Amino acid sequence: MDKPKPRSLILAFQDCFFADPALEKAPISELTWQTWFQQWSQTMAVEMPIAETWEVGLRLSGDREIQNLNASYRQKDYPTDVLAFAALEEADFPNIAELETEPLYLGDIIISVETASRQARSQGHSLQIELAWLASHGFLHLLGWDHPDEENLLKMLAQQRVLLQIVGLVNGDR
């Protein structure tokens, strides 16, 4: 019996916030983001659509950009911390033959670093932990997780804690 082939995740990373030379250095490198998403995808593999390779977009932005997106797509004209735009509904999954040559695009996650920074200060932890927390939240949304009620929110928050533990960012306050 053949050993199963390991699957991978490609992260299309855009740093539109820390790219400004007037700002401080980004707290998380692109390589670290790639490693985290790879580990998260392996952990969540049973919930991931069947594919050899997945692709996720991650964009770090500011409040102005995320407010514009929030107003356009959710009709909420204020900044938010994270937005996730899933590319597929279950009925939209491509056939397996297509996935042998092309990565399966799961969607995009946009995080406002300005909002994340305020939340990190109010929670009493680092910006790195807050950014990872928000990225894991967005990642779960791309996999179909949602929190329309308290029960589902608690499940999602618990899974986010698991994902942060996997990458070594344990935060007992959350």
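## Helix α5 against helix α6

Helix α5 passes α6 in a right-handed crossing. This is a predicted model. Helix α5 covers residues 127-142, and α6 covers residues 150-166. Their axes come within 9 Å and cross at roughly 120 degrees. Angles of 65 to 115 degrees count as roughly perpendicular, and those over 145 as roughly antiparallel. The two helices are therefore oblique to each other.

Which residues of α5 and α6 meet? From α5 come I129, A132, W133, S136, H137, F139, L140 and H141. From α6 come M156, L157, Q159, Q160, R161, L163 and L164. Nine of the residues in this contact are nonpolar, five are polar and one is charged.

## Helix α1 against helix α6

Helix α6 also packs with α1, which spans residues 30-43. Here the angle is about 125 degrees, and the axes are 9 Å apart. That angle makes α1 oblique to α6. The crossing of α1 past α6 is right-handed.

On the α1 side, the contact uses Q39, W40 and T43. On the α6 side, it uses L163, L164 and I166. Four of the contact residues are nonpolar, two are polar and none is charged. L163 and L164 of α6 meet residues of α1, and both also meet residues of α5.

Helix α4 runs over residues 113-123. Which of its residues are buried? They are V113, T115, A116 and A120. These residues cover an arc of only 155 degrees around the axis, so they sit on the same side of α4. R121 and S122 lie on the other side, where they are exposed.

What do the buried residues of α4 pack against? Their partners are the strands β2 (53-61) and β4 (104-112), along with the helices α2 (63-74) and α5. Just after α4 comes G124, with a positive phi of about 75 degrees.

## A threonine in a loop

T80 belongs to the loop between α2 and β3, a strand of residues 82-86. Is T80 buried or exposed? Its relative accessible area is 15%. Buried means under 20%, so T80 is buried.

Which residues does T80 touch, leaving aside its neighbours within four places in sequence? They are I66, N70, R74, S112 and T115. One of these contacts, T115, is also among the buried residues of α4.

Conventions: Residues numbered from 1 in each chain as written. Predicted model: local features only at pLDDT ≥ 70, side-chain atom pairs only at ≥ 80, totals over all residues. Heavy atoms only, no water. Axes fitted to C-alpha atoms, helices over the stretch in contact; angles between N-to-C directions. Helix = DSSP H or I, 4+ residues; strand = E, 2+ residues; numbered from the N terminus. Parallel < 35°, antiparallel > 145°, perpendicular 65-115°, else oblique. Left-handed = near helix turned anticlockwise from the far one by under 90°. Contact = heavy atoms within 4.5 Å. Nonpolar A, V, L, I, M, F, W, Y, C, P; charged D, E, K, R; others polar. Buried < 20%, exposed > 50% of the residue type's maximum accessible area, 1.4 Å probe, protein only. Arc of directions from axis to C-beta.
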